[in-house]
Amino acid sequence: MPRVFAKPDTLNDLNSQFNQPALTQPVFLNSVPKCGTHLLRNIFRMFVPVAQQYHDAFVQIPNLRQCLPAFNPAKPMLSWGHLLFSDESALATQKVVQYIIVRDPYDWVLARARFFLSDTFQGQMDHLKGGRIKINEMLNMMIFGIYQKAPTLQEIYSHNAVAWLGTGIKLVRYEDVITHLKKLDTPAAEQYFTELLQPVLVNGCLPEDWRRRIELGSDRQQSGTYRENLAGISAEIPDELPDMQKRLVEYAAPGLRHILGYY
């Protein structure tokens with residue numbers, strides 16, 4: 001079983017600095033793995049009482065039945081996970097405001113490789129660490145998967161994101177979040193976060209201290225899986241996916257970037 005060793009955050013303590021109105025409906029932050037799950041989770045956590053945050057588990061198909069209390073409309077909770085689309089997951093989330101967080105597949109390939117090659121992740125990829133393979137070979141494995149060890153890009157995006165489209169979910173692109181985080185003082189950012197955070201706001205309005213909350217929630221030091229906080233990466237991973245690997249993404253998952261809004 002793969003293991004993830006991430007530094008715990010202090011957001012539960014910081015949460016008490018702010019007035020936190022009660023959550024009135026269940027909210028679930030669902031995502032493709034390595035698409036900014038912790039970033040969105042931490043931002044939302046600064047607008048919801050800690051008592052209404054589901055910290056018992058990261059919701060996924062294997063533990064879905066144990067996590068059903070997270071989706072109980074009689075006791076609204078904020079929860080998060082990587083819940084792929086299925087009959088059970090569709091039934092479980094009927095009365096939940098659900099977000100699907102995605103990332104440009106080009107950048108996702110790099111992020112996934114970076115994570116698997118770090119000491120933060122320990123499992124079936126350990127034999128590939130320490131410069132044992134060429135970086136472009138690792139990138140190709142992120143695109144096409146590894147037999148009986150890691151699913152393909154197409155499989156992950158299909159089951160964790162694309163299959164949810166058109167069902168009433170709220171699609172969130174990681175890049176849009178980052179763009180507005182960089183310009184928090186602008187009206188555009190205020191409008192964006194007002195729309196993004198609607199289910200956790202009172203009367204649909206941001207509190208006066210919303211910028212401070214978002215700054216704390218988006219603090220890179222609060223995310224153990226953030227790129228700069230990953231430990232032990234020895235491989236030189238490029239900042240941009242090479243042209244050939246971009247072509248391979250289009251071959252492996254034709255139309256994927258377009259349906260997610262990446263043109």
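Student: What is the overall make-up of the protein?

Tutor: The predicted model has eleven helices and six strands. Of its 263 residues, 49% count as buried. Among contacts with a separation of 6 or more, 77% are between residues 24 or more positions apart.

Student: Why are α4 and α10 called roughly perpendicular?

Tutor: The axes of α4 (residues 105-116) and α10 (residues 243-252) cross at roughly 110° and come within 10 Å. Angles of 65 to 115 degrees count as roughly perpendicular. The value lies in that range, and therefore α4 and α10 are roughly perpendicular to each other.

Student: Which residues meet where α4 and α10 are in contact?

Tutor: From α4 come Pro 105, Tyr 106 and Val 109, and from α10 come Lys 246, Val 249 and Glu 250. By class, the residues of this contact are four nonpolar, no polar and two charged.

Student: What makes Lys 246 and Glu 250 the charged members of that contact?

Tutor: Lys and Glu are both among the residue types that count as charged.

Student: How do you know that the buried residues of α10 are on the same side of the helix?

Tutor: The buried residues of α10 are Gln 245, Lys 246, Leu 248 and Val 249. They cover an arc of only 160° around the axis, which puts them on the same side of α10. On the other side of α10, the exposed residues are Asp 243, Arg 247 and Tyr 251.

Student: Against what do the buried residues of α10 pack?

Tutor: They pack against α4, α5 (135-144) and α6 (153-160).

Student: What makes α4 roughly perpendicular to α5?

Tutor: The two helices pack at an angle of about 110°, and their axes are 9 Å apart. Since the range for roughly perpendicular is 65 to 115 degrees, this angle makes α4 roughly perpendicular to α5. The crossing of α4 past α5 is right-handed.

Student: Which residues form the contact of α4 with α5?

Tutor: On the α4 side are Trp 108, Val 109, Leu 110, Arg 112, Ala 113 and Phe 116, which meet Met 138, Leu 139, Met 141, Met 142 and Ile 143 of α5. These residues divide into ten nonpolar, no polar and one charged.

Student: How do you know that the buried residues of α6 are on the same side of that helix?

Tutor: Leu 153, Ile 156, Tyr 157 and Asn 160 are buried in α6. Their arc around the axis is only 90°, which puts them on the same side of α6. An α-helix has 3.6 residues a turn, so residues three or four places apart point the same way.

Student: What covers the buried residues of α6?

Tutor: The covering elements include β2, β4 (97-102), α4, α5, α10 and α11 (256-259).

Student: Why is His 159 called partly exposed?

Tutor: His 159 is located in helix α6. Its relative accessible area is 44%. Buried means under 20% and exposed means over 50%. The value for His 159 falls in between, so this residue is partly exposed.

Student: Which residues is His 159 in contact with, leaving aside its neighbours within four places in sequence?

Tutor: His 159 is in contact with Leu 84, Phe 85 and Trp 164. The C-alpha atoms of His 159 and Phe 85 are separated by 5.5 Å, although these residues are 74 residues apart along the chain.

Student: How is Gln 148 to be described in the same terms, buried or exposed?

Tutor: Gln 148 lies in the loop between α5 and α6, and it has a positive phi of about 60° although it is not a glycine. Its relative accessibility is 66%. Exposed means over 50%, so Gln 148 counts as exposed.

Methods: Residues numbered from 1 in each chain as written. Predicted model: local features only at pLDDT ≥ 70, side-chain atom pairs only at ≥ 80, totals over all residues. Heavy atoms only, no water. Axes fitted to C-alpha atoms, helices over the stretch in contact; angles between N-to-C directions. Helix = DSSP H or I, 4+ residues; strand = E, 2+ residues; numbered from the N terminus. Parallel < 35°, antiparallel > 145°, perpendicular 65-115°, else oblique. Contact = heavy atoms within 4.5 Å. Buried < 20%, exposed > 50% of the residue type's maximum accessible area, 1.4 Å probe, protein only. Arc of directions from axis to C-beta. Left-handed = near helix turned anticlockwise from the far one by under 90°.
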